[in-house]
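User: I have a model open and would like to go through it with you. Could you take me through the main points?

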Amino acid sequence: MQPKPGSERTSSFTSPGVYNALQGEPLTPAADSFFDNHNAVDDPNALPSSAEIENISESQVSNTVTAPMTTETFPAAGMAVAYAATLDEQMMQEGLNDPYYPFGSEEEYNFAELVTLKGIPANVIDTMLKSNCGLDKGICASLKSNYHLRQKIDRMEDGLGHRSWKKSTLPMTWNEQHPDRIVFWHRDLTACAKWILRQPAYREHLVYGPVRSFNTEGKRIYDEMHTGDWWWDTQVLRHIQVPRPQLTVRVKSSLPVGDTVVPIIFMSDATHLTNFCGDKKAWPVYMTIGNLSAKARMQHTMHGVLLLALLPIPVKMREVPAKIRNAQREHNRSVVQNVLKHVMQDLLASGSKEQRHGQDFYTFCADGQVRHCHPILAAWMADYPEHCNLHNIKSGVCYWCECPQKEMGDMPRVEDRYPPRDHTLYRRLWEHGDVTELKGRSVNSGGNVLWYLKGVTIGDLPKPDLLHTMQIGMLKHLLGWLQCFLKQHKRLELFNNIWLSVPAYLDMSRPKCAYEEVSQWNGGEIKTMTRYLLGVTRNALRNPTAGERAAFESALECTRALVEFYMYCQYNSHDEDTLNLMEDALRHFHDTKDVFLQFRAGKRIAAEARERRTELCKERDAEMKANFMKSAAYRQRIQDTWKVTIETEMAEYIEEGADFNFPKIHLMLHFREQIQQFGSMRQWSTEIGESSHKYQIKDGFNSSNKTGDYYSQMINFYLRCDAFSVRRANREALSKVKKASESPVAVPVGGTTSGPAERNCRLKFISPQLQKGRQRVRDFQGLLGTITNEATRERLKNATLRFLGSRGIRIELEELQRCTAAIYHGLEVKTSNMHGEEASQRLRCTGEKGWYSGGARHDWIWVQIAKKRDGQDLPYKALQGRLPYRMLNLFKLLVKHPRAREWCTSGDSLRETFWLAYVELTKPANGGMPEKASRLVRVVKPTTGAVDAVISAGNILGAAHLIPEEPDCSRSENKGWIVNSHIDLATWNDIYYMYEDELEAIVRNEK
Ligand SMILES: [Zn+2]
């Protein structure tokens, strides 16, 4: 905030006397606000105003999805049949609207919430309540003990409550060693679905019918589940069986007019609880509904995912004959099938032939309407082995289609692909006992409870799973191949060193160890790593010899294709264009993957190859022995010929035995159709299950006594936590609605408060530490004092004078040193992400101070160099008129000069505030043209002219990420960097994208 004329508060921190003596005129005092820790940047010196920057990006090509323009809603879907009181209205009527029910007071409620959510052990709570330890007397009086407290909590029905759980017993046992009947816990599925539909917290997040959205060009957009084809088709179509075998016909016949589809989503994942107290496991099944938005489903704090059942853990047989083990496995499967039959009861077909879907029901929804709902199992999220088990198919094949295993590594055209799995057919084949036919389709014989689901295409249940297929699947494979490739070409050490030199970026910290040093990589780590993998690989493979060039380029292109395919997978919203780009990336990967084929050879092939090598070596030795009388040169020639023979034969042998026929590489082929059917992929990643495990299973287990029936203790623990969290979420939602209804008149734009201007500013200087204490910087001289290096001080002085000179301000060095100045450690930049949502970036520039026990941080920034003029292209090709610079210092300067805008009454002179950044300059190599194989842009240190500059902070656009060509440990000066355009989706979309054909033309010209 700038001080306004007339309202200025004078400060006393400067000592005017000294300055007066030097200057002979009164000093310009600066207001205290000049040194505020947070300073909104109001920089008239910036080159383009932020409005102009927006114009630039508008004219730029982008592979972002443009905002939907038209939406077609399914006629008469999700119609209300009646209006009823909403949950809060009901509560109001029944006088149950007490926010602290069943507790007597707010204090009591807060105490109960705290000890429950923090998992305070029972004995500690007892001690707190029974002995006086500073608690409010009222709390101790009404809550007598832990037991009493728990009883009260159990009366809260905000979650589904205890009554929703059932403990059932199967009339089966595991085997003779485990003679007890099998017991399992489960909940009523319909009750769970109804509960989600009714919660006020989800009012904004619920949809009741499908839509089709189109962008301005009339292209279909896919994001949430209800924008996909599946939901639309489900409203219209139903599957009917015709008596001819091998055929299911879709017949147009809509659901009854106005009915609501409730897509049920299951997630299951067996998990280890502990290895210490005996091998304890849990096998939870979670459920949620597709009516709830992906955002609400994915955030565990929204509680949209409910624990539906805890399946019994099958017994394992070790050290028994294979025959017995297989029989036990078969029996285990039938037990699980029986349990699932109970769990999914409401979705299975009952006797009535008319029934098209699961058992339909009427229910209250959060918006106060009553709807007639059809629950349909739409998705089952699980990892690959669980799917194989569930669908009863052989391991190593695709669960979506009948592609044979030996063709898994190919990418055929869409029309040449194999038909989807038809479980109706499998059921019929099994009923007729046609085991050979089933085997031919890689299906195990045996019944399947899924066959009895109504209105469900079973082959559609699995969803693309980014965690298992990409992160710890394909991307991990790619890393493994790259490691072997780099080792083979003796570039591994360089790769590791560059890897360790990758700078931090916003939320991403510096890599701490090389890939091979980590024994186990988890999904999140691999996700982070793909953000800089391509740049590091490019730098490690630069300057190849003529012989290496072709292989290096293929390796780079293959890496780029897979990384970019994964980036497209992470889009929250797709249209036909982005789907085509995604498919292109996948095809490019398949076209170039052969460079890694030799690393796909299995252990068997590798062992055989070693054997063959030994044989060949023996032959060579025999020949050498036979020629031992010949000259040394002749013998050397024999030796050389053999060397070449052995190496070629080994390479051929290994490549012949290697293939890419494994399931994960094939599953990627189906991603496109899955997006079109069920919406964007991130919502289907099993990563969501991880947090559910933690909050619904593991926390409960850890606070149980870990013996006996720990399942029931886990359930109780979660129910109590859930009651509090759900009440909180619902209260917050209700108070929002209340507030909105209380102030229906919109606040006029440009209100009287000065707040909004500050809030809406794009840039903000922040200084957490520097403005305090004795070392506080007050003038330019003090700012120079924070720099220890003499040469750097000189350069900063000169650069500042150059900057002022460029603004027509000529002042002497002495005068500059006396100018009021403030130093900052960070910069907050408001940007928008690729979907146009506002995002905030915090850039660090810590001067010489360390950052979290590491070295000083000098982040890379994007700086706008040129602005768009009519009919002119922006310079620097892919960089679109922007360049990455490194921030060395951030500061603010108050300068007096005759043409300044600001009038200072007390000093009787004119002055101007400058928001400045001292930066290290770069310039684009090859004019900003991306390199051929990696499609990355290289920037270099300027060889002529200045290498540093002081720039107006208003030109800073946001964070950049650059990967150095020389690793830090090499100690040689780094002269080149690769601009990492893959660091995040926004960077990739906003700054780098070029017309593919334009790029192709340039690549052709190069050849
Ligand atoms: Zn397939």
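Analyst: The conversation below covers the metal site and then the chain as a whole. Please note that this is a predicted model.

User: Which residues coordinate the zinc ion?

Analyst: The zinc ion is coordinated by C398 and C401 through their SG atoms, and by H666 and H670 through NE2, at 2.0 to 2.2 Å.

User: What is the arrangement of the four donor atoms, and why?

Analyst: The arrangement is tetrahedral, because the donor atoms subtend angles of 104 to 119 degrees around the zinc ion. For comparison, the ideal angle for four tetrahedral donors is 109.5 degrees.

User: Is C401 buried or exposed? And H670, buried or exposed?

Analyst: C401 has a relative accessible area of 4% and is therefore buried. H670, with a relative accessible area of 7%, is buried too. The cut-off for buried is under 20%.

User: Changing topic, how many helices and strands are there in the protein chain?

Analyst: The protein chain has 31 helices and 31 strands. It contains 1007 residues, of which 51% count as buried.

User: What does the accessible surface come to?

Analyst: The accessible surface of the protein chain is about 47800 Å², and carbon and sulfur atoms account for 51% of that area.

User: And what share of contacts joins residues at least 24 apart?

Analyst: That share is 72%, among contacts between residues at least 6 apart in sequence.

Note on methods: Residues are numbered from 1 along each chain as its sequence is written. This is a predicted model: local features need pLDDT of at least 70, side-chain atom pairs count only at pLDDT 80 or more; totals for chains, interfaces and linings use all residues. Side-chain values use heavy atoms; hydrogens and water are left out. Donors are N, O and S atoms within 2.8 Å of the metal (3.2 Å for Na, K and Ca); water is not among the atoms, so sites may look incomplete. Four donors count as tetrahedral if all angles lie between 85 and 135 degrees; four count as square planar and six as octahedral if opposite donors are over 155 degrees apart and all others between 65 and 115; anything else is irregular. Buried means under 20% relative accessible area, exposed over 50%, partly exposed in between (1.4 Å probe, protein chains only). Helices (H or I, at least four residues) and strands (E, at least two) are DSSP runs, numbered from the N terminus. Contact means heavy atoms within 4.5 Å. Accessible areas come from the Shrake-Rupley method with a 1.4 Å probe; for residues, only the protein chains shown count as cover.
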